[in-house]
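Subject: The structure, and what turned up in it

Hello,

Here is the structure for you to open alongside this note.

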Amino acid sequence: MREIGVFTGSAHPELAEEICLNLGVDLSPAHIQRFSNDCLLVQLGANCRQRDIYLVQPIVPPVQEHLMELLLMLDAARGASAAHITAVIPHYAYARSDKKDAPRISIGGRLVADLLATAGASRVLTMALHAPQVHGFFSIPVDHLTAIGELAQHFVGRDLSNTVVVSPDLGNAKPATQFARLLNLPVAAGSKQRLADDRVVIDAIVGDVDGKNVIVLDDEIATAGTLIELLDRLRERRVRKISLACTHGLFTGKAIQRLAAQDDIEEIVTTNTVPLAPEKLLPTMDVRSVAPLFAEAIRRIHLGESVSSLFVSPATEG
């Protein structure tokens, strides 16, 4: 691993350091400066010439700030004659802008994909895109990892005989099915209609959840509006124990207050694709690390080995 360089911006340096620890390499320094006119300057503090460069930067709030840092790091690495440049984006926020569902709007997911390629990225390594079609927005190779295996590992060894995996909507049913197969569980899903960014209506639950324990699986929790609506429908079906699992625990706005007020949520399982401030860590929350998975993907990319076995996680073992 001597010929790679790993840099990070200000979005999530702890994750970048953990990835480097798993790779057995040092995290290279990067200097980020803001000029008096509010423009950013990024300087990479290690040699990039003819090296494989990996830039770790989830696009998390403040989204525009961290996106611009990543674009400048990509441009700096290209200008420093890097051989290959991989943008490691554990959370790709603009994946939610994946379609033109209103007049005169931009498809932001595609635009940002174009910006990353134009800035110098030769490959993208990401996790749990909000919509699978976003993968096709990129003109460069994309390795799309999943945290389903890591999340499922949290539940291995428990008595799950009366448990159902519930997807908040039919669009997330495929990942929920993969998750359920790892745990040998049935699946149900909510019938959801989105009215606004933070307002949804779930008018029915498709599947047998009456009197069951449930594990609600989603790709991300932002404002928790969808989850609260889903929990109301599940309570109408008299479910028992409630667990929540998600890859991207953003917990924006009043999400933490909303979740803390739900006395019947036994646990919330998420990953460290996004940084979690101490005030967002509830007593019922377990944060599982995806750093080993990203490190293994980087190792395989660098050595020219197959990464496809990491896309769909194998069955977990106790």
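Let me begin with strand E8 (residues 163-167): five of its five residues are buried, so the rest of the structure largely encloses E8. Buried here means under 20% relative accessible area, exposed means over 50%, and partly exposed lies in between, with a 1.4 Å probe and protein chains only. Helices (H or I, at least four residues) and strands (E, at least two) are DSSP runs, numbered from the N terminus.

Before going further, please keep in mind that this is a predicted model, where local features need pLDDT of at least 70 and side-chain atom pairs count only at pLDDT 80 or more, while totals for chains, interfaces and linings use all residues. Residues are numbered from 1 along each chain as its sequence is written, and side-chain values use heavy atoms, with hydrogens and water left out.

**The strands**

In a regular strand, side chains alternate between the two faces of the sheet. E8 is covered on both faces: Thr163, Val165 and Ser167 are buried on one side, Val164 and Val166 on the other. E8 runs parallel to strand E11 (residues 213-221), and four bridges join the two; strands count as paired if DSSP finds at least two bridges between them. Val165 has Ile215 as its bridge partner in E11.

E11 is also joined to E12 by seven bridges, and these two run parallel as well. There, Val216 has Leu244 of E12 as its bridge partner. Eight of the eight residues of strand E12 (residues 242-249) are buried, so E12 too is largely enclosed by the rest of the structure.

**Two aromatic pairs**

A search of the whole structure gives two aromatic pairs. Rings of Phe, Tyr and Trp (its six-membered ring) pair if their centres lie within 6.5 Å; planes under 30 degrees apart count as stacked, over 60 as edge-to-face, and the rest as tilted.

Tyr92 and Phe138 make a tilted pair, 5.5 Å centre to centre with 50 degrees between the planes. This pair links distant parts of the chain, 46 residues apart: Tyr92 is in the loop between strand E5 (84-89) and helix H3 (108-119), and Phe138 is in the loop between strand E6 (123-127) and strand E7 (142-145). Both Tyr92 and Phe138 are buried.

Phe155 and Phe179 form an edge-to-face pair, with 6.1 Å between centres and 90 degrees between the planes. Phe155 sits in the loop between helix H4 (148-153) and E8, and Phe179 in helix H5 (residues 173-183), so the pair ties together parts 24 residues apart in sequence. Phe155 counts as buried because its relative accessibility is 1%, and Phe179 because its value is 0%.

**Helix H5 and what follows**

Phe179 is one of the buried residues of H5, together with Ala176, Ala180, Leu182 and Leu183. These five cover an arc of only 155 degrees around the axis, which puts them on the same side of H5; the arc is that of the directions from the helix axis to the C-beta atoms. Turned away from that buried side is a face with the exposed residues Lys174 and Arg181.

Just after H5 comes Asn184, with a positive phi of about 55 degrees. Asn184 is in the loop between H5 and strand E9 (187-196), and its relative accessible area of 70% makes it exposed.

**Other backbone points**

Most residues other than glycine have a negative phi, and most peptide bonds are trans. Ser81, which is not a glycine, has a positive phi of about 65 degrees. Ser81 lies in the loop between H2 and E5 and counts as partly exposed, at 25% relative accessibility. Pro61 and Pro62 are joined by a cis peptide bond, with omega about -5 degrees. Pro62 belongs to the loop between E4 and helix H2 (63-79).

**The cavity**

The structure holds one cavity of 30 Å³ or more. On a 1 Å grid over the protein atoms alone, a cavity is a set of points where a 1.4 Å probe fits but cannot get out, and lining residues have an atom within 4 Å of a point. Among the lining residues are Tyr92, Met127, Asp219 and His248.

Happy reading, and best wishes

Conventions:
1 Å grid on protein atoms, 1.4 Å probe; cavity = no way out; pocket = protein on both sides within 12 Å on 5 of 7 lines; lining within 4 Å. Points joined across faces, edges and corners; volume = space filled by probe spheres on them.
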